[in-house]
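Subject: Structure handover and findings

Dear colleague,

I am handing over the structure below, together with an account of what was found in it. Please read the notes alongside the coordinates.

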Amino acid sequence: MWVCGTLWWVRTPGRLWRRLLPASGCHGPAASYYSASAAPARVPALVYGHHGDPAKVVELKNLELAAVGGSDVLVKMLAAPINPSDINMIQGNYGLLPELPAVGGNEGVAQVVAVGSSVTGLKPGDWVIPANAGLGTWRTEAVFSEEALIQVPSDIPLESAATLGVNPCTAYRMLMDFEQLQPGDSVIQNASNSGVGQAVIQIAAALDLRTINVVRDRPDIQKLTDRLKSLGAEHVITEEELRRPEMKNLFKDMPQPRLALNCVGGKSSTELLRQLARGGTMVTYGGMAKQPVIASVSLLIFKDLKLRGFWLSQWKKDHSPGTMP
C-alpha cells in the first residue's frame, strides 16, 4: 500500500478508504535556498493523536509547515509505503513510539525543494529518505534537519527508493551478522513473498547463497513461485509441504540451512527450526501470526540451535557509520 502525492482519505464505518493521487511535478525543478520571509503554509498529513485502530484514530489534517532553519531541508514527499510496523506504531505496540500527536509513516522518498543556508550535503532536486524510523512520512511536504535525511540516487525506480531504508537493509544485516555463510550454503525463510523476503532472495542470490522459501498456499501458488524464482529463489515451498517427511529429500542435493529467518512465529517458526543444521541459528524479525516462537527442547539440546532477534532500529543505534563492516 502506498501514500503518494495528494492525500485523500474518506472515512466510512469501521475503515478508511485511501485514494492515491500522483504528485504533480514530482521531477520538476525546485527552488534553491529557503526564504525566511515566505508565508507559513499548511500541508496535508495523516495524523494520530492517540494509539488504537488506525481506521479509527488516523485523521487527515492540515499542519503548519515549520520555518526552515539554517540546517533544515524543505522536502516534498514523492511516495511512502504502508508497512506492518507503521500499523503497529499507530496501535501502540511497537518498540519505538513517537510523541503524540504524530504523523504516520516511517519510510518513503522525498525530493528536496529548498535548503537552509548552513546545509552543505544536499541541494534542491536531490532525492532523500529518512535516516531513522519515526520521521512521519505520510504527508505531502515537511521540514527536516539535514542529519535526519540520507541522499539516494534519483535515477532508480520510485518504489525502490521509497522502500530502500528498511527491508533491504534488514535482509542484508540478517544474512551477514549471525552466521558466517559461504557461497553454496543455504538459507531458509518464511514469509518469503514479503518485502524482506524478496530482498533476502535477491541479496542471497548475489552472494551465491541457496534459498529455501516458504510461503502460504494459495490458488495462484504457481504464479507466486515463478515470480520468486525470477528474483533468484532456488526452492519455493508451502507451509504444508514444509511439514511433510519428504522435506528431508530436499537436502540430498543441497546442504541443510545454517540460517533460518522467521517473520511469522507459531508453527511456522517451529518447522523452520526443524530444518536447521546442527549449530544453526534462527533469527526472528517479525511475528505476523501473532503467536509465540515454540522451540523443541530436544532441538536446542541435541542440535545446539540458537534463537536470536533482529530489529533494524536497534542495530542503527548500536552501530555508527564508521563501525559498519
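This is a predicted model, in which local features need pLDDT of at least 70 and side-chain atom pairs count only at pLDDT 80 or more, while totals for chains, interfaces and linings use all residues. Residues are numbered from 1 along each chain as its sequence is written, and side-chain values use heavy atoms, with hydrogens and water left out.

On confidence, the protein averages a pLDDT (the predictor's confidence in each residue, from 0 to 100) of 89, and 86% of the residues score at least 70. Over residues 5-37 the pLDDT is below 50, although this stretch has 74 contacts in the model beyond near neighbours in sequence; contact here means heavy atoms within 4.5 Å.

Helices (H or I, at least four residues) and strands (E, at least two) are DSSP runs, numbered from the N terminus, and two strands pair if DSSP finds at least two bridges between them. Six strands form an open, parallel sheet in the order 14-13-12-15-16-18. Strand 14 (235-238) and strand 18 (306-309) are at its edges with a single partner strand each, so one side of each is left without a neighbour in the sheet. Neighbouring strands of this sheet are turned by 20° against each other on average, direction ignored. Strand 16 (residues 281-284) pairs with strand 18 in the parallel sense over four bridges, and threonine 284 has glycine 309 in strand 18 as its bridge partner.

Helix 5 touches strand 12 (186-189), strand 13 (210-215) and strand 15 (259-262), and its direction makes about 170° with that of strand 12. Helix 6 (residues 221-231) touches strand 13 and strand 14, its direction making about 150° with that of strand 14.

Helix 5 also meets two helices. The axes of helix 4 (residues 167-177) and helix 5 (residues 195-206) come within 8 Å and cross at roughly 55°, and these two helices are therefore oblique to each other (angles under 35 degrees count as roughly parallel, over 145 as roughly antiparallel, 65 to 115 as roughly perpendicular and the rest as oblique). By class, the contact of helix 4 with helix 5 has 10 nonpolar, three polar and no charged residues, where Ala, Val, Leu, Ile, Met, Phe, Trp, Tyr, Cys and Pro count as nonpolar, Asp, Glu, Lys and Arg as charged, and the others, Gly among them, as polar. The axes of helix 5 and helix 6 come within 8 Å and cross at roughly 45°, where Gln198, Ile201 and Gln202 in helix 5 meet Arg227, Leu228 and Leu231 in helix 6.

A further open sheet has three strands in the order 5-4-7, with antiparallel pairing, and its edge strands are strand 5 (58-64) and strand 7 (102-103). Seven bridges join strand 4 (residues 42-48) to strand 5, with valine 43 opposite leucine 63.

Two backbone details remain. The peptide bond from leucine 100 to proline 101 is cis, with omega near -5°, and proline 101 lies in the loop between helix 2 (84-91) and strand 7. Alanine 191, in the loop between strand 12 and helix 5, has a positive phi of about 50° although it is not a glycine.

With kind regards

Definitions and conventions
Axes fitted to C-alpha atoms, helices over the stretch in contact; angles between N-to-C directions.
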